[in-house]
Every structure is written in structure tokens, then in C-alpha cells.
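The stops below say what to pick and what to look for.

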Amino acid sequence: MLDAIRYLVDNGTKWRAMPADFPPWDRVYAFFRRWRDHGLVREFHDRLHGKVREKAGREPEPSAGVIDSQSVKADAVVGADSRGFDGGKLINGRKRHVVVDTLGLLLGVMVTSADIGDRAAAHVLLARVAAAYHRLALVWADGGYTGSLVEYSLTVLALVLAIVKRSDDMRGFVVLPKRWIVERFFAHLMRSRRLVRDFERSTTSAEAMVYWSATMLMTRRFTRPRPSRA
């Protein structure tokens, strides 16, 4: 079942187009839905997250993270109640709000319609992440997260929200401190073909797909042999 779901996320196939080597598609989907509804997808991810950090020589829980959002086009199956238009990116679809640690590993995700502002979503997402990771004390963000969110994060969540702004005299592509970490995570999501466009009818399924993709990333890191120093 795990390999079947990983295959679907990685290759972007339809549920009904599951290869014959796997169990029947409806059984695979039933397990996916059960794990999603009972929060087991995130539990799988979070258990592996701590082990990957320990293998990298870090504490199991992070003390710093980066927040950002990614707007993606929505498929026709996505209803009007969970899709919107992002005027900045000119995208009709959904938005993935994520927090990652300094290794680029996922800490939390929330999927909304694309017309939801970053600050409004961050109020909810940062509260979830702060409740799950008690050592988290610093989160970097771009200029879209300024305003009352900074004070809210400090006074209510005990988080320092550090804004990393792009200088006005910069021209062309420039790698900004810390913000490249979450951009690299978004690039990884685009390697999972199921996530190139939002094909999920519900936002909970969309969030589960992000967790599956992030788990696949950590699996490759966790099983990759360390280079010898001989």
C-alpha cells in the first residue's frame, strides 16, 4: 500500500490508472483516505523527521524555520468553494502555505484557496507548528508577512518572525538569506508530478499529498549512505 501511494504521488497517475502490480486502486485509495482522516500520514512523516535531523547531527526538534506560500493551478475537479484567484501570481487555484526547518524539511502545511492572504493563513499555520514543535523560537519570512502578524507571533506564540526583505536596488535573480531554503522545498514538490497541479477534491487530501512528497524526500535522505572519509 505504501509503495502504491508513493507511486501515485511521484508519477502523478490517476487512482483508477494504478498499475496492476499494486493492489486494486479502490483498496489503495481506502487506505489513503483512512490514514489521512486519522492523521497517520503526518505521524509517519513526523516520526521520520526527527530521525533525519538526528542523522544530520541536529536536535530532533528544530529551533528555527522558514515560512512561505506557493500558488498552483487547480484541476477542474476542484470546486469553487476551495479555489480562488491569486492576483499577484495570476493563478486560479489553490495556495500551499508551508513552514520548513533550516534543513528544508517540512514542519507544517495548510492548503487554502489562492485568494487567501499569506498573513491570514500564517496566523493559523504558525499556531499549529508552534504547538507541535515547542523548541521553535525563530521563523524567517518575506515581506508579505509584515504587519500585525509579527507582534502576534511574538506575544501569543512566543515566536520571533524575522522579515527578510529584498533590497530595492537588486536586479534580476538574487539568492536571499534563509528564504532559499523554502524555495528549494517548493522545487522538490514540483518533482512529484501529482503536485504540479492541484488535483485533489478536498484541501485535506491536498495537504496529505504534500506530506507524502515530503516523506519521500526524507526517505531518500535517511537511506542515502554517508560518503566515506578514507
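Select leucine 106. Leaving out residues up to four places away in sequence, leucine 106 touches His45, His49, Val98, Val99, Val100, Tyr133, Phe185, Val210, Tyr211 and Ala214. Contact here means heavy atoms within 4.5 Å. This is a predicted model: local features need pLDDT of at least 70, side-chain atom pairs count only at pLDDT 80 or more, and totals for chains, interfaces and linings use all residues. Residues are numbered from 1 along each chain as its sequence is written, and side-chain values use heavy atoms, with hydrogens and water left out.

Some terms before moving on. Buried means under 20% relative accessible area, exposed over 50%, and partly exposed in between (1.4 Å probe, protein chains only). Helices (H or I, at least four residues) and strands (E, at least two) are DSSP runs, numbered from the N terminus.

Select β4. How many of its residues are buried? The count is 8 of the 8, so β4 is largely enclosed by the rest of the structure. Strands pair if DSSP finds at least two bridges between them.

**Parallel strands**

Move to strand β5 (residues 138–141). Strand β1 (residues 64–73) runs parallel to β5, with 3 bridges joining them. Valine 66 stands opposite tryptophan 140 in β5. Next select strand β6 (residues 160–163), which pairs with β5 in the parallel sense over 4 bridges. Alanine 141 has isoleucine 163 as its bridge partner in β6.

Together, β5, α5 and β6 make a right-handed β-α-β unit. A crossover is right-handed if, with the strands pointing away from the viewer, the path from the first strand over the helix to the second runs clockwise.

**Aspartate 118**

Select aspartate 118, in helix α4 (residues 118–132). Is it buried or exposed? Aspartate 118 counts as buried because its relative accessibility is 16%. Show its side chain. A polar contact of 2.9 Å joins it to the side chain of serine 69. Another, of 3.4 Å, goes to the side chain of lysine 95. A polar contact is a pair of N or O atoms within 3.5 Å; within protein, one must be able to donate a hydrogen and the other to accept it, and residues adjacent in sequence count only if both atoms are side-chain atoms. Not counting residues up to four places away in sequence, aspartate 118 touches Ser69, Lys95, His97, Gly144 and Tyr145.

**Helix α1**

Go to α1 (residues 2–11). Its buried residues are Ala4, Ile5, Leu8 and Val9. They cover an arc of only 130 degrees around the axis, which puts them on the same side of α1. The arc is that of the directions from the helix axis to the C-beta atoms.

Now pick aspartate 10 in this helix. Aspartate 10 is partly exposed, at 33% relative accessibility. Beyond its neighbours within four places in sequence, aspartate 10 is in contact with Arg191, Ser192, Arg193 and Met216. Just after α1, glycine 12 takes a positive phi of about 70 degrees.

Most residues other than glycine have a negative phi. Select leucine 90, in the loop between β2 (84–86) and β3. Its phi is positive, near 60 degrees. Leucine 90 counts as exposed, at 62% relative accessibility.

Finish at alanine 158, in the loop between α5 and β6. Alanine 158 has a positive phi of about 60 degrees. Its relative accessible area is 53%, so alanine 158 is exposed.
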